Amino acid sequence: MGLKLFGATLGLLLSAITIGNAQEAKSLEGKWDMVIEKDGKQLPSWLEIRHSGTNTLVGSFVYAFGSARPIAEVKVKNDIFNFTIPKQWEPEGTDMMFTGRLQGEELKGTMIYTDGKPYSWSAVRAPKLEYVEKAKWGKSKDLFNGKDLSGWTAMGENQWVVENGVLRSPKSGANLVSNEKFKDFKLHVEFKVPPGSNSGVYLRGRYEVQITDDKGSDPSNVLFGGIYGFLTPNEMAANDASEWQTYDITLIGRRVTIVANGKTIINDQNIPGITGGALDSNEGEPGPFLIQGDHGPIMFRKFEVTPRVEK
């Protein structure tokens, strides 16, 4: 074979490899709802892969707990990709290492956890979740009756009590989940968070709105009023821990608006994906409310929801 012909053939081969890798990379881009199979449990997780410049893939990852974490680089070779996640709240050990590949319409792969053990995972593309411009609202209902835990289920040994019309978790313990599920809704809650405590309300059981004692702090996506690890309030609207406080939350599709103590702190923003501690990663389905009780004491005296109804 002549040098010119050899050079042309090699060029075509390298071009084909480059095009193949580019096509593979493009097919990986987007948001993915993940499930990790670990110790007999299905752990809800989330992955986003996107371009940075022309040649690099980066992303974000949410594990079963903790906040969204940046992925410095998603490396692709042939049809296999991999990335590494530094420890956040995980036990001591190595960083978490992920490998995967596209199989049909799903991503499938293996996670090496901080203890060095391998676990399988799979992911499907996250749904778009339609936004309705002129929503029609149904009849409001109180999910907390002021008397007992009717309509709610504790996820473990129950520490929740109702006293003088107040739903109270006096210590860290089980989370509380509503028996009823919702798709799009308006939510009004009245709560009191003791000094230094930490709780939250999960919308559809997947997106946590933080409830923390943070008056005087700078706004953050992991503090009062933030969508945990994703959306930062435009101001810190927390009151003193001794006071009752309010959230008025509207969720349609992925768009959320949060009014805290009468101030609009998040206005019509898209929630990218599930937050750590979500009940599942089935974003296209209605879901319950979850009140976090495993991080400290919390009190509620009102939990009113107004569901969106189809026209």
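**Entry 1**

I began with strand S19 (residues 255-260), where five of the six residues are buried, so the strand is largely enclosed by the rest of the structure. I note at the outset that the model is predicted.

I then looked up the pairing of S19 on either side. Strand S18 (residues 245-252) pairs with S19 in the antiparallel sense over six bridges, and I found Asp248 bridged to Val259 in S19. The two strands form a hairpin with two residues between them. In that turn, Gly253 has a positive phi of about 60°.

S19 also pairs with S20, again in the antiparallel sense, over five bridges. Here I recorded Arg255 opposite Asn270 in S20. S19 and S20 likewise form a hairpin with two residues between them, and Asn261 in its turn has a positive phi of about 50°.

I followed the chain onward to Thr275, which is found in the loop between strand S20 (263-270) and strand S21 (290-291). Is Thr275 buried or exposed? Its relative accessibility is 1%, and the cut-off for buried is under 20%, so Thr275 counts as buried.

I next listed what Thr275 touches, leaving aside residues up to four places away in sequence. The contacts are Val62, Tyr202, Arg206, Tyr207, Glu208, Ile227, Tyr228 and Phe230.

**Entry 1: the largest pocket**

I looked up the largest pocket and noted a volume of about 500 Å³. Its lining comprises 21 residues, and Phe65, Tyr202, Gly277, Gln292 and Asp294 lie nearest its centre. Tyr202 is also among the contacts of Thr275.

Strand S16 (198-203) and strand S17 (207-212) each supply at least two residues of this lining. By class, I recorded 11 nonpolar, eight polar and two charged residues in the lining.

**Entry 2: the barrel**

A closed barrel of eight strands runs S1-S2-S3-S4-S5-S6-S7-S8, with antiparallel pairing. The twist averages 30° from one strand to the next.

For the pairing of S1 with S8, I noted that strand S1 (residues 30-38) and strand S8 (residues 118-125) pair in the antiparallel sense over five bridges. Met34 stands opposite Ala123 in S8.

**Entry 3: the protein as a whole**

I closed with the overall values. The secondary structure comes to one helix and 22 strands. The C-alpha atoms fill a box of roughly 90 × 45 × 35 Å along the principal axes. Of the 311 residues, 44% are buried. Among contacts between residues at least 6 apart in sequence, 55% join residues at least 24 apart.

Technical notes: Residues numbered from 1 in each chain as written. Predicted model: local features only at pLDDT ≥ 70, side-chain atom pairs only at ≥ 80, totals over all residues. Heavy atoms only, no water. Pairing = 2+ DSSP bridges. Helix = DSSP H or I, 4+ residues; strand = E, 2+ residues; numbered from the N terminus. Axes fitted to C-alpha atoms, helices over the stretch in contact; angles between N-to-C directions. 1 Å grid on protein atoms, 1.4 Å probe; cavity = no way out; pocket = protein on both sides within 12 Å on 5 of 7 lines; lining within 4 Å. Points joined across faces, edges and corners; volume = space filled by probe spheres on them. Nonpolar A, V, L, I, M, F, W, Y, C, P; charged D, E, K, R; others polar. Buried < 20%, exposed > 50% of the residue type's maximum accessible area, 1.4 Å probe, protein only. Contact = heavy atoms within 4.5 Å.
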